[in-house]
Every structure is written in structure tokens, then in C-alpha cells.
Amino acid sequence: MSILGKLKPWNPSIPYEILSLNISSKLSTNSDVIKASSKDFGKIVQEIFPAAVLYPSCVNDIIDLIQFSYGLSVPFSVAARGNGHCIRGQAMAQNGVIVEMKSLNNNNNRNNGNCGARVSWDSSLGFYADVGGEQLWIDVLRATLEHGLAPVSWTDYLYLTVGGTLSNAGISGQTFRYGPQISNVHEMDVITGKGEFVTCSKHMNSELFFAVLGGLGQFGIITRARIVLDKAPTRVKWVRMLYDDFSKFTEDQEHLISIDGLNYVEGSLMMEQSPLNSWRSSFFSPSKQTKIGSLLSQNGIIYCLEMVKYYHDHTASTIDEELKKLVEGLNYLPGFMFKKDATFMEFLNRVRSGELELQSKGMWDVPHPWLNLFVPKSNIMHFNAAVFVDIILRQNKPTGPILVYPTSKKKWDDRMSAVIPEEETFYCVGLLHSSNGYDECKIWDDQNEEILKYCDKAGIKIKQYLPHYKTKHDWIKHFGKKWNIFQQRKIQFDPKVILSPGQRIFN
């Protein structure tokens, strides 16, 4: 991927002397490469072009790049790009260098400092996997399943890199039980903004360890993570129940995350103008859809509670009875419980088939003006009335999935950079819109802004997940009591503000 022989006009933000480094043959300034690395899943932020793109074959290539920048009187920025699933340009680097992390997959040689997925056991840690930061979670799952094991905490979508989700938090319906993905890491290798290669854990270089987890890429690039593993189930019982009363819906969700027995609890909104079987998963047969359609025409919004219980081959004979006990006393609409039996892999990878179908129809490569929030439990009823019932229902447009499900603060470590509400129970709300073009994208963005303004005016102390802010004041407000330590960690680990400029926190 050498730039030699195909140089474009050299970007003066990067000194020409970089060509004297060993990494010069792995840099590209090809215009097509530049454009490809300047796009992300969001398709909202455009034309933030790097000066070059690095395709590392080993960790030392990244170290050399950052050390070169750090040694300059005017350093250039560096952004690690995983699978490009950011929404608003968070992995972009104007006039800097983007590091295509997945390039490390081409040479997974441990001697070069790379790591695919190696499963091990330790008397104090149990089973774990050492995983390259560039690895996709789907590949981690496949590798660990070969040993009858699997990570315990997931995101709904598996085609994300390990380093990418750990830089945010990594949440899904398992979070209430196992915590976010950042709560299931024993150790990491990190390249700091000074170009230092540091192994860190809760007990070794702990300040960097806690800074990086949920740190939005501000303190270092994750090249290896030691992930908690447990025995993998073989199959799952997958249940959806429908509600026309938000209060009953949330009460049942909160009950289910308070008891022992379930492995996954999520919830979502179903609206008349949206397809019942979304791209996240196909669940309802045509005959079921007719009944649900009639229900939606009466109510406008229906709430869907989704729960999953894992099981093994040796417990197959008792799983139905266990499930029956778990749903006893729940207040779902009679006749509107739907069950499905699936393999563990089918369940975890449920979004993929929908994605491929949308890709085949040209409906995936569109703007995604998503808004993800953490809403305190004490405000969720007000949020439903003002946001779901008023703002969103009033918009009356086909939309993507809208998720709403509770999780528990006690599963999060407050020493980490990730920010959540102060209340013990809070709700994860995901407005996962897709738009047909940039005009429609603006409509969704305006709606997102209306929601944020309502929460601010009503005093609802939400926190954005996958945050995006336009001013430093907003970032300070977002981090709250953590801002001072966040700022101190930046000075300690990235004093020249080289890393992750696309977040626009310190730039």
C-alpha cells in the first residue's frame, strides 16, 4: 500500500520526513483511500479528509506513527478506525492520519505484537481470551465457541471492533446482568498519545486502564484486551410480549432484571408506520403481524418486552418449565406472547441477516441520525409521555428501531471514563433512525434536538451514549463530576492532543 509512485500533492500538515520512517510503505495518500476512510456508518459528517491513511501490519507501526507526531513541535492528529461504525465522524482526523486497525488482521503474529483471539485459563481469572483491538466481535465469538466458551456481555450488532466498543462501553440486553463490555475486561495493551506501549489492568497502570475504558479514544489506542469468558450455552429461549400500557411494560422489565434466571432483557416500541419485523430481527409470522397491526391501529404505540434465557443440551428437558415460572405474574396483553427457540449464535448474530437484506436493496448505505440516551428511572414515565407519545408519534414517519430497556448502575465501575446517570436503575434508549437522504436526515436531527431540549428544560438528567456535542461547555456538562479527572488524564496520556480528534472534546 505504498504511497510511492502515486503521490498526490503532499499535505503540509504532515512533514515530508515521515517518508524516511519504516512505515512509509504502509501509508497511502491515494484519493480513493482517503475518501473511503472519511466515511462512516452515520453518513452525516462529510469531507473531513485525513492527509494519509496508515495500514499497519504490526503494533509497532502505530507506535512509530504516534511517536513521530509527538516529536513534532506542531503534531498532527491520529485516529484509530475500526469497522467505521461511528455515527458522526468520531473516527475521522482532519489533515491527520487515520489508522485502519483491521489491517492488523493481515498479520496476526504474536511476535509482532498482534493478537487475534487466544483462549486461556487462570486459577484466579478463570477462562479468558486475549483479543486484538482490531478484531470484530463476531470473530471473537466464533473463535471462543470452538472452545465451548464465549464472552458474557455483548452489543446488539457483532460487526464492531473490540477496541471500538471498549472505547464507548458496549451495551445490550445482557448489561443488567453482566455489566457493559468495559466491565468484563481484565487487562489491555494500549498505545498512549505519547507513543508509549503500556500494559494495564486494575492493579497495574490502573489510571490508564480506567481512563481508556469508555474514554472515547482520548487516551490511547487499544491493541489487545483480555476478555472475560464463560461456558457458552448451546441454545436460547427467546420471548417477546406486547403491552399497551407503558407503566406495566416498565414494571415488568424492572422486575425481570431484579430476579435471577434471565440472560437478556430489552424492550422496544412498535409503531403503526414502521415494519413489525425490523432489520434487527425477524420474529412475527404474517398471521401474527395481522393481529399486531390491528392492535397498533387502536393504540398508535405498542411496547414490546423481549427476554432470553440461555440453556444447554442437558437442561433442554426443563427449560420450558423454567421459562413458565419466569413469566408468571407479568402483565403483558393476553394472547400476545411469542416464543422462539434458536441457537446461541443465531440469537447473538440476529441483526446480521437484516443488515444483508437491506444491503441487497441498497437501503443500508444511507444516513443514520441516531440518538442514544441513558434516562434515569425516575423520569422514564415523563420521557414516554413527552418523547415517545408526543414528539415521535406526532412526527408520524416510518422510523428505525426504538429501544428502551433498564439496566443497573451497580454493574458499572465509576472509576472508568464512561458516564451514566446517578440513579441505581436507568434506561437505555436508542432512537435508531435511517433516512432516505440528507433532507430527511435533517428532519430526524431536528427531532433529536427537540428531544434533547425537552430533557434539558424538564430537568431530566440524561446522559448521551455514543455522545456528540458541539461545544466544550456541553462536554463539561456531559462528564459532570468526572470532567476534572478526564481532563487530567488527557494531560497525562495525550498531552499534545493527538488522539481521536473526531470526538471534538479538546480540539
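Helices (H or I, at least four residues) and strands (E, at least two) are DSSP runs, numbered from the N terminus. The model shown is predicted: local features need pLDDT of at least 70, side-chain atom pairs count only at pLDDT 80 or more, and totals for chains, interfaces and linings use all residues. Residues are numbered from 1 along each chain as its sequence is written, and side-chain values use heavy atoms, with hydrogens and water left out.

Figure 1. A pocket is an open set of points on a 1 Å grid over the protein atoms alone, where a 1.4 Å probe fits, with protein on both sides within 12 Å along at least five of seven lines; lining residues have an atom within 4 Å of a point. The volume of the largest pocket is about 920 Å³, taken as the space filled by probe spheres set on the points, which are joined across faces, edges and corners. Its lining has 29 residues, and Glu 449, Leu 452, Gln 464, His 468 and Tyr 469 are the closest to the centre. Two or more lining residues come from each of strand S15 (371–376), helix H13 (438–458), strand S18 (463–465) and helix H14 (472–479). H13 supplies the largest share, 8 residues.

**Figure 2. Gln 395 and its contacts.** Gln 395 belongs to helix H12 (residues 380–395). Leaving aside residues up to four places away in sequence, Gln 395 touches Ile 443, Trp 444 and Gln 447, where contact means heavy atoms within 4.5 Å. Its relative accessibility is 27%, so Gln 395 counts as partly exposed; buried means under 20% relative accessible area, exposed over 50%, and partly exposed in between (1.4 Å probe, protein chains only).

**Figure 3. An open sheet of strands.** Four strands, in the order S1-S2-S4-S3, form an open sheet with mixed pairing. Two strands pair if DSSP finds at least two bridges between them. Strand S1 (27–28) and strand S3 (78–81) stand at the edges with a single partner strand each, so one side of each has no neighbour in the sheet. S1 and strand S2 (residues 52–54) run antiparallel and are joined by 2 bridges. Ser 28 has Val 53 of S2 as its bridge partner.

Figure 4. A disulfide is a pair of cysteine sulfur atoms within 2.5 Å, and the whole structure holds 0 disulfides. For Cys 86, the nearest cysteine sulfur, that of Cys 441, is 16 Å away. The sulfur of Cys 428 is 15 Å from the closest cysteine sulfur, in Cys 455, which is too far for a bond. Cys 428 counts as buried because its relative accessibility is 3%.
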